Amino acid sequence: MSTTQRLKGRFRGSLNLWGSGVTANSSTPWIVASAQQRSTFMNLHFGTSVATTIASGAAMVDEADFIGCAAGAYIRASAFATITRNTFQVPDVDVSFSGVAAAYGAYMHGSSGFIFEENSFTGPGNGAEEPTVGAVFRSIGPESNVYYNNTFNAFTSSSGQSAGTIIMGNNDGPEEDDGLQIKCNDYSLISPNDFDVAFTGVSVKIGEEQGANIAQTDPAGNTFAPNCSGSQHFHNNEEDMAEFTYYHHEILSTTLQIVPVCASDPIEVSGVGSWYEETTHEYVKELVCPSYLGLMQGMGELFEEVTEAIEASSSFSAEPGAYAMKAAAVHRLTGMALRSVHVGSLDTAVVIHAQAPLVTSMNVLVGLYMAQGQLEEARELVDAALEEDPEAVYWLVADPYLAKLEEDQDPLSAAGLIGVLSDLAATDQYGSGHASAWLSALGVEEPEVIILPYMGAKRYTEVSVPQQPATLKVHPNPSQGLVHFTAAVPGGVNGAILRILDVTGQVVGEKRTTGDDLLLSWDLQLPAGTYYAALIIGETPVGRTKFLLLP
């Protein structure tokens, strides 16, 4: 089970970047500043490395300085981790000896529900020989997660592959306002980055909406350098793109560039213009990206805040941005409960997740029950989850972990599971970070996966698409199986394809269309759940919509 350590002070290594400041396997350290000084990690291989497995814990790294560390903060599977008000100065150093592609500031792997705010990331700048990365987010999962009000500057190298932020794996959920969101961050404002935000690897997913198309108090709010000299604002894997809608604030509210117009080789989509849609709202960035708000309030005050947020978002399914607001409040309360020494704090978190469930509340409840020794309650949830989705990586990790506890055995001595866990850790689905954390506790360390961006030639076939935009509509929505699709296909186009995909991106149905207009009734023999319909011309998606099938 998890244990907690409160740490502060100075951790120094030699100039060859060897040694670690704080390493925690199946424990949750709190690295916090004292009244007199911040914690300092200098010239280390790892500043801090945390691997929490399944047993609940909430690591905290607050007001610390990571100077010259090849890996500043490496956080795996620590749900509700808090990474706030830190500085990361990433060095120009060759880390290939450890199997890692680049030195980095912070790496979040499978740590859903985190609070990642007001950190400063600085790379080595001009003249650097080795690639560097500010922050990496990998397979965070379906919950509404936000990295907010951070700065990223001077991530450049001779290879041109450095990046302020790299996003890999599956970081999205079933709804429009869940998944990983990039909000109120400033990129390349002091010194340019090779890439500001890069989506790398295969099947990369983030929240479908970056910002909100209606709620003007919930924008993306990011700013970028006012030119693209040596800096590409967004880079997307052209073979397997992460698609989303990008909403931004009023252009006159800042002197800095706010629209990522310098995206590298954007895919041309009729009626869209690239792989992201952009819309402008009339609001001022300074009003909607507030500074750091009191994170350290007591449980009583925080409970009142969460209750108010839940009441305000009682109709969250219909109000854009309200789910994310509720999720942020519940995340804060759960993190505080996991760190609290007060009797009943975990019970409070259980009540909140039961009364106002989030996308990942079942996962959270399993961890909370384990933390309290309520193994029967945890088993009931694990079995139900596996019955619903027997291939979900998180539950395939949680199941044997719980089984060891039920057998009164220590999961951290289960060497016979190393092979299974290695396979699960390689999936890049939510739960892969938990498998990696368990392997670490078993003494099997695997290098951090960092897939660097590249500026290669286009690897897709351009299709000439008429300027008239295509449209695609679905009704009724939701449906019990019989779905009517209506599409307007631009004149002169033959061979459009209507493709049905599940939430993992797998194609589950496909029909070829002809003519300028399409009215197609399709009795979809598919399990209940969320699906996407995509209209394809050549190999280019020109229309997309989401629909729900009921049992």
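The protein has nine helices and 32 strands. The structure is a predicted model. Of its 551 residues, 58% are buried. Among contacts with a separation of 6 or more, 75% join residues 24 or more positions apart.

**Nonpolar cores**

In soluble globular proteins, nonpolar side chains tend to be buried together. The largest nonpolar core here holds 61 residues. Which of its members touch the most others? They are Met 108, Phe 116, Phe 137, Tyr 147, Ile 167, Phe 199 and Ile 450. Strand E12, residues 103-109, gives the most to this core, with five residues.

Ile 167 can be followed in more detail. Leaving aside residues up to four places away in sequence, Ile 167 touches Phe 137, Tyr 147, Leu 180, Ile 182 and Val 197, and also Ala 198, Phe 199, Thr 200, Val 204 and Ile 206. A second core is separate and has 44 residues, including Phe 80, Tyr 394, Ala 398 and Leu 424.

**A buried asparagine**

Strand E23 covers residues 232-236 and contains Asn 236. Is Asn 236 buried or exposed? Its relative accessibility is 1%, so Asn 236 counts as buried. The C-alpha atom of Asn 236 is separated by 6.0 Å from that of Ala 198, although the two residues are 38 residues apart along the chain.

**Helices H4, H5 and H6**

Helix H5 packs against two other helices, as the table shows.

| Helix pair | Residues | Axes come within | Crossing angle |
|---|---|---|---|
| H4 and H5 | 345-355 and 361-371 | 10 Å | roughly 155° |
| H5 and H6 | 361-371 and 375-388 | 8 Å | roughly 155° |

How do H5 and H6 run relative to each other? An angle over 145 degrees counts as roughly antiparallel, and the crossing therefore makes H5 roughly antiparallel to H6. H5 passes H6 in a left-handed crossing. On the H5 side, the contact is made by Met 362, Leu 365, Val 366, Tyr 369 and Met 370, and on the H6 side by Glu 377, Ala 378, Leu 381, Val 382 and Ala 385. By class, this contact has nine nonpolar residues, no polar residues and one charged residue.

H4 and H5 are likewise roughly antiparallel to each other, and H4 passes H5 in a left-handed crossing. From H4, the residues Leu 346, Ala 349, Val 350 and His 353 take part. They meet Ser 361, Val 364, Leu 365, Leu 368, Tyr 369 and Ala 371 in H5. The contact of H4 with H5 has eight nonpolar, two polar and no charged residues.

Notes:
Residues numbered from 1 in each chain as written. Predicted model: local features only at pLDDT ≥ 70, side-chain atom pairs only at ≥ 80, totals over all residues. Heavy atoms only, no water. Axes fitted to C-alpha atoms, helices over the stretch in contact; angles between N-to-C directions. Helix = DSSP H or I, 4+ residues; strand = E, 2+ residues; numbered from the N terminus. Parallel < 35°, antiparallel > 145°, perpendicular 65-115°, else oblique. Left-handed = near helix turned anticlockwise from the far one by under 90°. Contact = heavy atoms within 4.5 Å. Nonpolar A, V, L, I, M, F, W, Y, C, P; charged D, E, K, R; others polar. Core = buried A, V, L, I, M, F, W, Y, C linked by side-chain atoms within 4.5 Å. Buried < 20%, exposed > 50% of the residue type's maximum accessible area, 1.4 Å probe, protein only.
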